[in-house]
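Dear colleague,

My notes on it follow directly after.

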Amino acid sequence: MQKATIQLETLTCPSCMQKIEGAVKSLDGIDTDSLNVSFNSSKVKLNFDDEKVSIKDIENAIDKVGYEVKKSTVRPA
Amino acid sequence: MQRAILKSKNQITLVSGILIVIAFISKLAFNNLDIFTWALVIASIIGVAPIAIQAYQALRVKVVSIDVLVTIAVLGAFLIQNFEESAIVTFLFLFGAYLELRTLNKTRSAIKELTEMAPESALKQMENGEFEEVEVDEVDVGDILLVKTGAKVPVDGTVLSGEGHINEASITGESLPVTKKKNSGVFAGTILENGTIQIVADRVGEDTTFGKIIELVEEAQDSKSEAERFIDRFSKWYTPAVLVLSAIVWLISRDIELAITILVLGCPGALVIGVPVSNVAGIGNGARHGVLLKGSEVIRDFSRLDTMVFDKTGTLTIGNPEVAEVETYTDTNEDILAYLSSVEKESDHPLAKAVVDYIGETKAYTVDKTDVVKGGGIVAEVDGHRVAVGNVALMEEENVALNEKMRKDIERFEKNGNSLVLTSVDGELKVLMGIRDQIRPGVREDLQRLKKLGVKNLVVLSGDNQGTVDLVAKELGLTEAHGHMLPEDKSAYIKKLQDEGQIVAFVGDGVNDSPSLALAQIGIAMGSGTDVAIETSDVVLMNSDFSRLPHALGLTKSIASNMLQNIIIAVGVVLVLLASVFFSDWMNMSIGMLVHEGSILVVIINGMRLLRYKLR
């Protein structure tokens with residue numbers, strides 16, 4: 001398991017969070033309980049299984065629903 | 001293509017606004033309906049493009065977002081050829097989003113200031129011994145780093161060589177520079193004001209004290225209260241419900257105009273944004289004033305506080321005992337004090353330290369045959385005399401005779417809340433000292449402010465004797481005082497208050513009072529930016545500054561009422577809009593969108609007031 005912190009562009013509407021949550025949850029290998037999209041700090045935190053999904057996949061999924069990823073850090077959970 | 005459209009949202013908003021103005025000028029001034037219609041059609045099409053893209057992205061992950069409602073509404077207006085409505089609604093929606101972003105950034109500014117203080121680069125010693133600039137993420141524990149004048153300390157570490165003055169305001173809130181030399185600890189995010197130092201990294205990244213503070217604040221600003229979680233759940237079903245409602249209305253009434261108006265009016269904007277906005281602005285204000293609030297549950301509890309319980313030593317008092325009263329029973333004072341000081345220097349008892357500090361520089365005698373009497377004091381031979389230093393019990397053991405005046409003095413000193421240190425030389429009492437802890441300056445006024453803010457009971461609990469505790473309570477105007485309390489007695493007392501239904505805050509030092517800190521609804525640790533204080537408490541006072549307590553309490557009260565105001569505004573607006581669509585004839589899509597966007601701005605601006613909150 002890896003722990004990722006993804007910094008996004010500034011989020012402005014709380015419904016953005018639902019979109020991002022939905023997009024990330026639809027991927028395989030995501031620990032959905034750990035998924036946390038923070039509105040005010042515009043960050044996504046989650047644990048994921050790096051054998052099933054890569055941080056790039058997660059970034060792409062977020063990008064596809066229209067939010068720019070600024071920076072992400074991954075550490076062993 | 002999608003990306004390009006979303007990126008140029010601001011330009012699209014501007015163009016669509018200009019087109020709408022052109023349309024109305026050509027209609028009203030020149031009565032040219034062709035230009036009017038075409039300008040509006042173009043404005044609608046370019047305006048709806050970014051909204052429709054967002055709606056599509058949302059639907060793909062099975063979310064019915066506001067964008068979906070607006071897109072359908074605009075398409076509907078287009079279908080019935082009401083281009084005026086479709087153009088104005090898209091413009092207002094885009095323009096509103098732009099204003100929201102601008103104002104939201106303001107409410108988040110205080111916390112942004114804090115995170116921007118985080119160090120970004122470091123001068124790291126490479127294998128060849130040279131220092132090279134690297135990103136702070138590349139620093140590992142054990143690396144040797146160079147910090148130059150004016151630079152930020154990149155990580156928590158220990159000084160290896162060099163000397164300098166460091167401004168630690170970012171950690172302790174205290175802006176007076178602190179001297180650092182070899183073996184001093186330094187903190188990430190503090191600024192070296194002069195000198196050059198080399199440090200070895202002890203903790204890096206999120207493990208540093210500063211990293212923890214930032215993480216704490218970031219988590220706090222996004223933590224959700226129960227009410228907020230309810231709103232979240234509610235809004236997940238609310239938007240699809242609006243969609244269904246409008247479909248039903250359309251099926252029954254066959255009135256597309258009415259159906260799409262409901263779509264626009266039903267947008268839940270102000271409700272979902274109102275509470276987080278108050279939260280972030282309030283927590284930001286706290287961070288600026290040296291008060292870290294750990295989230296919205298803490299804010300809610302703190303704002304409704306009934307009883308505040310204080311530890312005495314180190315919280316209400318400085319925690320550093322000092323000699324407060326002295327009586328001497330001899331003429332040759334100087335020698336006696338020199339004896340006393342020499343003996344006390346042998347001891348590491350806190351009272352001994354106070355005595356040595358009080359006497360200051362004296363002649364130093366060699367001390368022989370030192371005998372520490374447990375629970376009594378010290379007996380030793382100095383300069384050929386038998387010197388005993390300790391409490392009344394030790395004097396009795398040494399057969400020291402006490403006359404009437406001495407007994408009276410002892411009684412008086414005890415009544416004043418002193419711990420006693422008696423000194424006898426060759427079996428005669430020479431000096432009596434009363435030592436007590438000093439009350440922190442300003443605490444009395446701060447406690448009065450807390451009372452004014454509506455705290456019903458102010459209680460002190462202490463391990464000290466009841467007399468001392470009563471005295472402190474009387475001096476400070478506390479409502480209750482209990483002495484002889486062990487840490488477990490304190491937590492039992494708090495439990496008792498809670499069982500009575502009270503909301504209790506405990507203010508104590510982070511180490512020995514952790515059970516009480518954890519048990520109380522609001523634990524407030526007085527430890528200057530130490531890990532323990534940050535982790536165990538719900539509210540962290542930077543630099544142990546007691547005077548920030550009233551600000552913290554007043555602030556949480558303001559945040560709580562600000563949230564309530566925002567909820568009332570949001571719900572009120574939706575109710576009024578829905579009522580007027582059914583019961584009045586002036587309501588249409590454009591007005592609905594205007595009121596809707598307006599209400600979002602009103603709650604954001606209302607939340608922003610918290611940034612400027614000051615006690616009185």
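Which residue just after α19(B) takes a positive phi? It is G477(B), with a phi of about 70 degrees. Please bear in mind throughout that this is a predicted model.

Helix α19 of chain B spans residues 466–476, and its buried residues include T468(B), V469(B), V472(B), A473(B) and L476(B). These five residues lie on the same side of α19(B), because the arc that they cover around the axis is only 135 degrees. In general, an α-helix has 3.6 residues a turn, so residues three or four places apart point the same way.

In chain B, 7 strands form an open sheet with mixed pairing, and their order is β8-β20-β19-β18-β9-β16-β17. At its edges are β8 (291–293) and β17 of chain B, each of which pairs on one side only. On average, neighbouring strands of this sheet are turned by 15 degrees against each other, direction ignored.

Helix α12 (residues 296–303) touches β8, β18 (504–508), β19 (522–525) and β20 of chain B, and its direction makes about 95 degrees with that of β19(B). Helix α23 (residues 548–583) touches β8 and β20 of chain B, and its direction makes about 40 degrees with that of β8(B).

As to chain B as a whole, there are 24 helices and 20 strands. Its radius of gyration is 34 Å, well over the 25 Å that the globule rule gives for 616 residues, so chain B is more spread out than a compact globule. Along the principal axes, its C-alpha atoms fill a box of roughly 115 × 65 × 40 Å. Of the 616 residues in chain B, 46% are buried. Among contacts in chain B with a separation of 6 or more, 66% are between residues 24 or more positions apart.

A further residue that I examined is G17(B), which lies in helix α2 (residues 9–28) of chain B. G17(B) counts as partly exposed because it has 18 C-beta neighbours inside 10 Å, whereas a buried residue would need 20 or more. Leaving aside residues up to four places away in sequence, G17(B) touches F91(B) and F95(B). From G17(B) to I522(B) the separation is 505 residues in sequence and 51 Å in space, C-alpha to C-alpha.

Finally, I turn to the contact between the chains. Here 23 residues of chain B are in contact with 16 residues of chain A. On the chain B side, the elements that give two or more residues are α3 (33–60), α5 (83–107), α8 (209–222) and α11 (269–288). The most comes from α5(B), with 5 residues. By type, the residues on this side of chain B comprise 12 nonpolar, 5 polar and 6 charged.

With kind regards

Note on methods
Residues numbered from 1 in each chain as written. Chains lettered and ligands numbered in written order. Predicted model: local features only at pLDDT ≥ 70, side-chain atom pairs only at ≥ 80, totals over all residues. Contact = placed C-beta atoms within 7 Å. Helix = DSSP H or I, 4+ residues; strand = E, 2+ residues; numbered from the N terminus. Nonpolar A, V, L, I, M, F, W, Y, C, P; charged D, E, K, R; others polar. Rg over C-alpha atoms; globule rule 2.2 N^0.38 Å. Buried ≥ 20, exposed ≤ 12 C-beta atoms within 10 Å, placed from the backbone. Arc of directions from axis to C-beta. Pairing = 2+ DSSP bridges. Axes fitted to C-alpha atoms, helices over the stretch in contact; angles between N-to-C directions.
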